[in-house]
Amino acid sequence: MLVFGIESSCDETSAGVLRDGRHVLSHVVSTQIKAHQVYGGVVPEMASRLHVHHLVPVLEAARENAGIAWADIDALAFAEGPGLMGSLGVGVAAAKAMSAYLSVPMIGVNHIEGHIYSNLLEQVDDFRYPVLVLVASGGHTQLILMREPFSYELLGNTLDDAIGEAFDKSARTLGLGYPGGPIIDDYAKRGNAKTHKFPHVRTERDLDFSFSGLKTAVLRYNQELGISELPKDDSRVADFCASLQDKLISELTKKTFIAAERYNVKQIVIAGGVSANSTLREQIKLAPSGILVSMPPLKYCTDNGVMIAAAGTARLLAGQTTSLDVVPNPSLRLVGQGVTPPS
Ligand code: KG4
Ligand code: ZN
């Protein structure tokens with residue numbers, strides 16, 4: 001089964017071709033990072049215009065790199081939401097036009113579900129249920145329990161910023177540029193994580209997250225130490241980034257491990273752009289013994305079309321399709337109601 005995946009929910013225009021939900025035949029990403037960099041974050045109106053500009057060449061490159069003809073495609077998968085309305089609209093319109101022209105079914109995919117299914121790309125094994133998902137992206141920080149395919153129960157959520165936002169805002173405070181996650185990760189690799197201590201984070205429910213206190217701590221440290229004024233190759237910049245990254249990531253892993261034991265899961269998967277983080281990829285391996293830990297291949301961690309094709313394939317195989325009157329949904333939800341902890 002050949003599924004063509006389209007992703008345009010934020011600032012990456014991406015498409016890819018996937019065989020049987022696992023084998024990547026092509027993976028094309030055109031990022032808008034440079035265009036938004038000057039503004040320190042994504043400018044929605046500009047993002048949708050750039051998607052319009054880049055989409056057709058990206059679609060064509062994905063087909064060509066896969067070595068297939070348009071007529072070979074069995075179905076189209078596209079990101080239906082959540083994301084930016086204008087950006088999503090470009091991918092949705094393209095999917096509708098292609099579906100109608102090629103006479104193939106299409107399937108709308110929740111962007112977060114795409115991130116989760118990126119864990120199956122180039123892998124042999126399926127998920128081992130119950131699965132605990134740590135969603136760590138620019139817009140989401142959630143612990144989700146999957147007891148079976150397409151069943152998502154919310155165990156914990158961020159009370160304020162998403163983890164990716166915490167990275168991005170901290171990098172902005174420190175004068176390091178955008179997007180902050182990969183930049184801080186890079187500095188952190190050269191620094192000593194034991195240099196700075198950060199305040200303890202308290203949340204009423206132990207599986208929720210909060211990053212606003214750490215954001216304030218970064219501001220305070222910067223006022224005291226003038227990190228944003230230092231030359232970028234000063235070892236104090238790297239030491240600060242290493243300490244901050246260690247704290248941010250350990251907030252994620254600490255709660256993931258509590259949830260994994262509480263809900264007796266067989267597998268932990270990480271999903272979303274922050275799953276590219278080197279400290280997270282190391283720390284998550286220290287999960288309680290007996291639990292399989294998986295992570296997406298590095299190149300499929302941030303937004304891309306093949307992850308949308310992966311989740312789309314699973315839904316198509318379950319008999320689902322989306323009708324041509326679909327509209328993008330910027331606040332599409334994945335999870336149902338929260339669950340009661342086991343007694
Ligand atoms: O999933 P994603 O590509 O877009 C959303 O759906 O939000 O995630 C983007 C986020 C950004 O906040 C970016 O700074 C962060 O992922 N990110 C990272 C790393 N690579 C990307 N954060 C920490 N370490 C990284 N290596
Ligand atoms: Zn994403």
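Reader: Where does Lys34 sit?

Author: Lys34 lies in helix H1, which covers residues 33–37; helices (H or I, at least four residues) and strands (E, at least two) are DSSP runs, numbered from the N terminus. Please keep in mind that this is a predicted model, in which local features need pLDDT of at least 70 and side-chain atom pairs count only at pLDDT 80 or more, while totals for chains, interfaces and linings use all residues. Residues are numbered from 1 along each chain as its sequence is written, chains are lettered from A and ligands numbered from 1 in the order in which they are written, and side-chain values use heavy atoms, with hydrogens and water left out.

Reader: Ok, and is Lys34 buried or exposed?

Author: Lys34 is exposed, as its relative accessible area is 72%; buried means under 20% relative accessible area, exposed over 50%, and partly exposed in between, with a 1.4 Å probe and protein chains only. In space, the C-alpha of Lys34 is 9.8 Å from the C-alpha of Pro179, although 145 residues separate Lys34 and Pro179 in sequence.

Reader: Switching to ligand 1, which residues come nearest?

Author: There are 18 residues around ligand 1, and those that come nearest are His115, Gly138, Asp168, Gly273 and Asn277; a residue is near a molecule or strand if one of its heavy atoms lies within 4 Å of it.

Reader: Which parts of the fold supply that shell around ligand 1?

Author: Helix H4 (111–117), helix H5 (163–173) and helix H6 (180–188) each give at least two residues to the shell, and H6 has the largest share, with three residues. By kind, the shell around ligand 1 holds four nonpolar, eleven polar and three charged residues, where Ala, Val, Leu, Ile, Met, Phe, Trp, Tyr, Cys and Pro count as nonpolar, Asp, Glu, Lys and Arg as charged, and the others, Gly among them, as polar.

Reader: What lies 2.8 Å and 3.0 Å from an oxygen atom of ligand 1?

Author: At 2.8 Å from an oxygen atom of ligand 1 there is a polar backbone atom of Gly138, and at 3.0 Å from an oxygen atom of ligand 1 there is an N or O atom in the side chain of Asp303. On its own, ligand 1 has 560 Å² of accessible area, and the protein covers 87% of that; such areas come from the Shrake-Rupley method with a 1.4 Å probe, and for residues only the protein chains shown count as cover.

Reader: Where are Asp20 and Phe150, then?

Author: Asp20 is in the loop between strand S2 (12–19) and strand S3 (23–31), and with 44% relative accessibility Asp20 counts as partly exposed. Phe150 is in the loop between strand S7 (141–146) and strand S8 (153–157), and Phe150 also counts as partly exposed, at 25% relative accessibility.

Reader: Last one: which side chain does Ser294 contact?

Author: The side chain of Ser294 makes a polar contact of 2.7 Å with that of Gln267; a polar contact is a pair of N or O atoms within 3.5 Å, and within protein one must be able to donate a hydrogen and the other to accept it, while residues adjacent in sequence count only if both atoms are side-chain atoms. Ser294 itself is in strand S10, residues 292–294, and Ser294 is buried because its relative accessible area is 14%.
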